[in-house]
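Please read them with the coordinates open beside you.

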Amino acid sequence: MPHQCTNCGQTFADGSKEMLSGCPDCGGNKFQFRPAGASDSPPPEAGGDTDGDAESTRPDPGESAARRTEPPQPDTDSSDHARSGGSVGSTGSSQPSSDTEDGAQASARTDVVSPDELAAAAEPTGPASEPSEDPPDDGTAQSDEESADPNLDALRQKLNDQFESIRIVSPGKYELNLMELYDREEYIISLREDGRYVIEMPEGWDDR
Amino acid sequence: MGLLTNLRDSITRVTDRLFADDEPKRIGIYGPPNAGKTTLANRIARDWTGDAVGPESHIPHETRRARRKENVQIERNGKTVTIDIVDTPGVTTKVDYKEFLDHDMEKDDAVKRSREATEGVAEAMHWLREDVDGVIYVLDSSTDPFTQVNTMLIGIIESQDLPVLIFANKVDLDDADVKRISDAFPQHETVPLSALEGDNMDEVYEKIAEYFG
């Protein structure tokens, strides 16, 4: 009985089609998967609305904690069930409550990635390789490939105003400040996708 | 390890100065991507040493690390000049993996190539500052030479007082225009050639011996 309604505890065999349109007993639309070996772990107590006729796996609280860190555990009869978020109480109805997650989902999600990690992973798409204190505006950065400026000093100043040596626009897309690359003593020898880079320190660093 | 490397480099540099007349000149082959730098380097190396320098490709940024071919002895008019050829990655201000997708490359490979090409440009600019005694600047005769990259690199080379030759490559193409290149850099000598076809290589070697000998 791998699938179990988190609302009323009704269980369904693996591959069952009954649950595809919601629990036929209570209308609940959240289920947790229980491997065959875990079939004796407790379903949450039915909220009193219905009790399934196939209640062979009535809750057995003593064993529940060992199986799962956050099993959905109904606390009172008045509330249909408790969720890890604890903020939604409309679960007895057939309305999906997509803004919350139950214990099984939360448990599954902890192995994937945290929101913090997601936010951190998104950062390298911005200007990251260098402390580019002054990212170029698109006008100057994009259009100057073809417009040769014979005045080297003006060109140098223009480029220096844009960014430091290498700007990661997005993964696989770079803009390079050639003059800065030429001028700087240290030598960038390896870029990393996360915006870090490896440099070779110049000799005679202490002399300067 | 870095300390030892630096120490070794320092010693190398000092001995280079002491025996400057005996040491081969390091000639950097510079230019934008796909100008034919590696084809030229291979042509020179094959003509005088029998070996190639590196793989050539029509896909931009095939060369992503500077490659050196040492002790290339070129004989001209009874005189022998010995140079080290440094084939450098094409210099550009923008690298975008999307341009590689047109060459039947998977996205992951294209992104990797893009990153390596960017590292290569950084390396090429570093070599220009530290390690070359002269420059062969290679341009594709069929493209417009008036670009920011060309202007900037020629300007840097001039500011270092490095001897430089402009090579107008790919004259075998129908739309090649050598005059457009010589007009763009009138202060330097422009040598037309086709490194791929081997056209005008005699003049190429004469000029190399004259400028870098």
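**Notes on chain B**

1. Chain B exposes about 9,700 Å², of which carbon and sulfur atoms supply 45%. Please keep in mind throughout that this is a predicted model, so that every value in this note is computed from predicted coordinates.

2. As for burial, 53% of the 213 residues of chain B count as buried. When the contacts in chain B between residues at least 6 apart in sequence are considered, 69% of them join residues at least 24 apart.

3. The secondary structure of chain B consists of seven helices and seven strands, and read from the N terminus these elements follow the order α-β-α-β-β-β-α-α-β-α-β-α-β-α.

4. One residue that I would ask you to look at is B:Asn42, which is placed in helix H2 of chain B, a helix that covers residues 37-48. Is B:Asn42 buried or exposed? B:Asn42 counts as buried because its relative accessibility is 0%, where the cut-off for buried is under 20%.

5. Which backbone atoms lie by the polar side-chain atoms of B:Asn42? A polar atom of the B:Asn42 side chain lies 2.5 Å from the backbone nitrogen of B:Val53, and the backbone oxygen of B:Gly54 lies 2.6 Å from a polar atom of that side chain.

6. Leaving aside residues up to four places away in sequence, B:Asn42 touches B:Asp51, B:Ala52, B:Val53, B:Gly54 and B:Glu56.

Note on methods:
Residues numbered from 1 in each chain as written. Chains lettered and ligands numbered in written order. Predicted model: local features only at pLDDT ≥ 70, side-chain atom pairs only at ≥ 80, totals over all residues. Heavy atoms only, no water. Helix = DSSP H or I, 4+ residues; strand = E, 2+ residues; numbered from the N terminus. Buried < 20%, exposed > 50% of the residue type's maximum accessible area, 1.4 Å probe, protein only. Polar contact = N/O pair within 3.5 Å; in protein donor to acceptor, adjacent residues only side chain to side chain. Contact = heavy atoms within 4.5 Å. Areas by Shrake-Rupley, 256 points an atom, 1.4 Å probe, with all protein chains shown as cover.
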